[in-house]
Every structure is written in C-alpha cells, then in structure tokens.
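Dear colleague,

I am passing on the structure below, and after it you will find my notes on what was found there. Please read them with the structure open beside you.

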Amino acid sequence: MTFHDANGSRTMRIGILGTGAMSAALGGAWVRAGHEVMVGGRNAASAAAAAARTGAAAHGGLAEAVRYGEAILLAVPADAAPQLAGELAAELAGRTVLDCTVPMRPSSDGGPVLSTAGGTDSAALRLAVAAPHARVAKVFGICHESIWTLPQPAFEGAPLAVPYCTDAPAAEVVTRELITSMGCTPLPCGGLERAGLLEAAAVFAVGVWWSGSEARHAFPAPALAPGAVDD
C-alpha cells in the first residue's frame with residue numbers, strides 16, 4: 001500500500017457488497033480518492049454494471065469482494081445485512097466492515113421509523129453479533145447518497161464532517177483514513193453501542209427531507225446566537 005496524496009492517505013483496497021445507489025456513490029468517491037474498489041453482488045450483471053458506474057477496478061461475487069478488500073462496505077438493505085454478514089462471517093474476520101445501512105420502515109402516518117428497537121439495538125450491533133470477528137464501524141449512513149457524488153464535499157466553507165462509531169481501534173484507523181482521503185473530516189461518536197443514535201439521526205433526517213424541509217435548519221450552531229457562551 002502506498003501514499004497517494006499530500007495528506008498522507010494511502011491507497012486501500014475496498015470490497016463493496018451491494019450494487020445499489022449507495023454502492024455506486026461511495027464506490028465512485030473512493031475511486032476518485034485513489035483507492036482500488038471491487039463491487040460484489042449476487043447477480044453478476046448487476047455487479048458489472050455497478051462497477052462500470054463507479055470506475056471500480058473489478059467486480060464479482062460477494063465472497064470475492066470480501067477477500068479483495070481490507071475494508072468492506074456493506075451497502076445492502078439493513079434488514080438483510082445481518083444475515084449476509086453471518087453467511088460471510090469467516091471471510092469478514094479481521095476486516096473492517098463499514099456499515100452504512102439505515103434500518104427504517106414506514107409508519108402508520110407515512111413517516112419513516114426505525115426498524116430496530118432503538119436504544120442499544122442497532123443494525124451495526126446485529127452485524128457485529130453475526131460476524132463476531134469482523135471490525136464493525138457505523139459510518140456513511142447519515143448523508144443522502146447524492147452527497148457522496150460531490151468531489152470533496154464542503155458546506156458553508158467547511159469540509160463535510162462524517163460521524164462514525166466503532167469499538168475496534170484498527171477499524172477506527174481505516175475509517176478515519178477513508179474519510180480523510182475523501183476530503184472530509186472524521187467525527188468520532190463513541191463505541192458501537194452508540195451506533196443506534198446515528199441510525200436514528202439518519203431516519204429523522206430522511207423523514208424531514210420527505211416532508212419537504214431541511215434537517216440542517218433544525219440544528220443551528222449555538223455560536224450563531226448573539227452573546228452565546230460555551231456551557
């Protein structure tokens with residue numbers, strides 16, 4: 001592995017499990033950042049098409065993509081992710097698994113709600129149970145996939161902050177390196193027991209967007225208030 005930019009980010013091999021919009025958006029961002037990407041799917045034609053959209057170096061089956069990558073992006077529906085992780089548990093052992101899934105379902109009033117129990121229950125922790133020797137990090141699930149199509153996303157003059165949760169020091173190193181290589185700022189949010197907070201935040205943001213509003217309007221910085229002081 002070699003360094004490829006002024007920030008000292010190194011080229012990394014990344015296996016992507018899934019062929020949908022998030023797979024293409026993040027895969028494309030990593031290709032632009034100089035990483036080597038392989039897209040894996042159950043359907044060979046879908047994997048080939050996704051690889052072509054992202055500029056990935058290779059495509060193949062799910063287990064092939066896991067064996068290819070130092071880091072593995074799990075970009076499949078949240079409810080299917082733990083079963084897939086269990087099927088690939090042996091191959092995932094010792095690898096960083098990047099969980100970008102958002103566990104949500106429609107509610108009776110039409111807005112999305114968590115499909116987990118909330119609290120300490122999360123898709124990320126379910127993945128960790130299914131693949132106990134993998135190094136799971138909850139990351140990249142807050143933003144809409146369109147954000148990852150932007151080269152080095154920045155807003156209001158600041159690089160995009162990317163929150164993540166993990167218990168594994170090795171996974172934290174890999175996650176921070178990937179975020180930094182994309183021109184973004186790593187935002188550590190604690191251990192994997194806090195992953196449910198990121199998942200709930202993602203579901204909240206989706207609900208706000210679906211209503212036609214902007215989630216960012218609900219979170220102004222306290223420093224913007226006249227006479228604001230740190231608490």
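The residues that line the largest pocket divide into 25 nonpolar, five polar and three charged, where Ala, Val, Leu, Ile, Met, Phe, Trp, Tyr, Cys and Pro count as nonpolar, Asp, Glu, Lys and Arg as charged, and the others, Gly among them, as polar. Please keep in mind that this is a predicted model, in which local features need pLDDT of at least 70 and side-chain atom pairs count only at pLDDT 80 or more, while totals for chains, interfaces and linings use all residues. Residues are numbered from 1 along each chain as its sequence is written, and side-chain values use heavy atoms, with hydrogens and water left out.

The volume of the largest pocket is about 1200 Å³, and of its 33 lining residues, Ile 142, Leu 160, Ala 215, Arg 216 and Phe 219 lie nearest its centre. A pocket here is an open set of points on a 1 Å grid over the protein atoms alone, where a 1.4 Å probe fits and protein lies on both sides within 12 Å along at least five of seven lines; lining residues have an atom within 4 Å of a point. A volume is the space filled by probe spheres set on the points, which are joined across faces, edges and corners. Helix H8 gives the largest share of this lining, six residues; helices (H or I, at least four residues) and strands (E, at least two) are DSSP runs, numbered from the N terminus.

The second largest pocket has a volume of about 500 Å³, and among the 22 residues that line it, Met 22, Cys 100, Val 102, Met 104 and Glu 145 are the closest to its centre. Here too the largest share of the lining comes from H8, with four residues.

Turning to the aromatic rings, a search of the whole structure finds three pairs, a pair being rings of Phe, Tyr and Trp (its six-membered ring) with centres within 6.5 Å, and planes under 30 degrees apart counting as stacked, over 60 as edge-to-face and the rest as tilted. One of them joins Phe 140 and Trp 148 edge-to-face, at 5.4 Å centre to centre and 85 degrees between the planes. Phe 140 is buried at 2% relative accessible area, whereas Phe 219 is exposed at 59% (buried means under 20%, exposed over 50%, partly exposed in between, with a 1.4 Å probe and protein chains only).

With best regards
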